[in-house]
Amino acid sequence: MALALSDLLKKEHVDLALKAATQAEALRELAGLLVANNEISDSENFLKEVRERERTSSTLTEYGVAFPHARTELVDQIVLGIGRSEAGIPWNESGDLAHLIFLIGVPQKMLNDYLIVIGAIARATKDDPLRTLLLHAESVAEFIETMLAAPSL
């Protein structure tokens, strides 16, 4: 059975008002959502793996969307934490800003499912009108509804 994005979009995993001022703080906030909802138990090692992956190659796109992730044995299923920052969070050495952040944990054995999920999110957030709706959604429910209404999902 293929994994559907609707299975991953959970209101308790979305924060539309990140307080973070740095990439590390944003990752910690989003990992906190996943820990609070029993999606990951070892947040320190999970964050270490995500930061190592991000140092290897930044996941920030030209559209202000970042996809930090780790293929890890620390999760049993794909997990997704989503954050939004109106001001933007400096994401790379150039200081480019991330406004939407999709933190993803992927079990080693679920690479194909991961590629499907990340492809769907990337296509959706590349679309200017849809990204604008996500950036201005007034509630988590509206954000999730907008994501699920995207034609590529």
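Colleague: Which residues of helix 5 and helix 6 meet?

Modeller: Leu-130, Leu-133, Leu-134 and His-136 of helix 5 meet Glu-142, Phe-143, Thr-146 and Met-147 of helix 6. Contact means heavy atoms within 4.5 Å. By class, this contact has five nonpolar, two polar and one charged residue. Ala, Val, Leu, Ile, Met, Phe, Trp, Tyr, Cys and Pro count as nonpolar; Asp, Glu, Lys and Arg as charged; the others, Gly among them, as polar. The model is predicted: local features need pLDDT of at least 70, side-chain atom pairs count only at pLDDT 80 or more, and totals for chains, interfaces and linings use all residues. Numbering starts from 1 along each chain as its sequence is written, and side-chain values use heavy atoms, leaving out hydrogens and water.

Colleague: At what angle do helix 5 and helix 6 pack?

Modeller: About 165°, with the axes of helix 5 and helix 6 (residues 140-149) 9 Å apart. The helices are DSSP runs (H or I, at least four residues), numbered from the N terminus. Angles run from 0 to 180 degrees between N-to-C directions, with axes fitted to C-alpha atoms over the stretch in contact.

Colleague: What is the hand of the crossing of helix 5 and helix 6?

Modeller: Left-handed. The near helix is turned anticlockwise from the far one by less than a right angle; clockwise would be right-handed.

Colleague: Why are helix 4 and helix 5 called roughly perpendicular?

Modeller: Helix 4 (residues 111-126) and helix 5 (residues 128-136) pack at about 95°, axes 5 Å apart. Helix 4 and helix 5 are therefore roughly perpendicular. Ala-124, Thr-125 and Lys-126 of helix 4 meet Asp-128, Leu-130, Arg-131 and Leu-134 of helix 5. This contact of helix 4 with helix 5 has three nonpolar, one polar and three charged residues.

Colleague: What makes helix 2 and helix 3 oblique?

Modeller: Their packing angle is about 140°, with the axes 10 Å apart. Helix 2 and helix 3 are therefore oblique to each other. The crossing of helix 2 and helix 3 is right-handed. Helix 2 contributes Gln-23, Leu-27, Arg-28, Ala-31 and Val-35, and helix 3 contributes Ser-43, Glu-44, Leu-47, Val-50, Arg-51 and Glu-54. The contact of helix 2 with helix 3 divides into five nonpolar, two polar and four charged residues.

Key. Helix = DSSP H or I, 4+ residues; strand = E, 2+ residues; numbered from the N terminus. Parallel < 35°, antiparallel > 145°, perpendicular 65-115°, else oblique.
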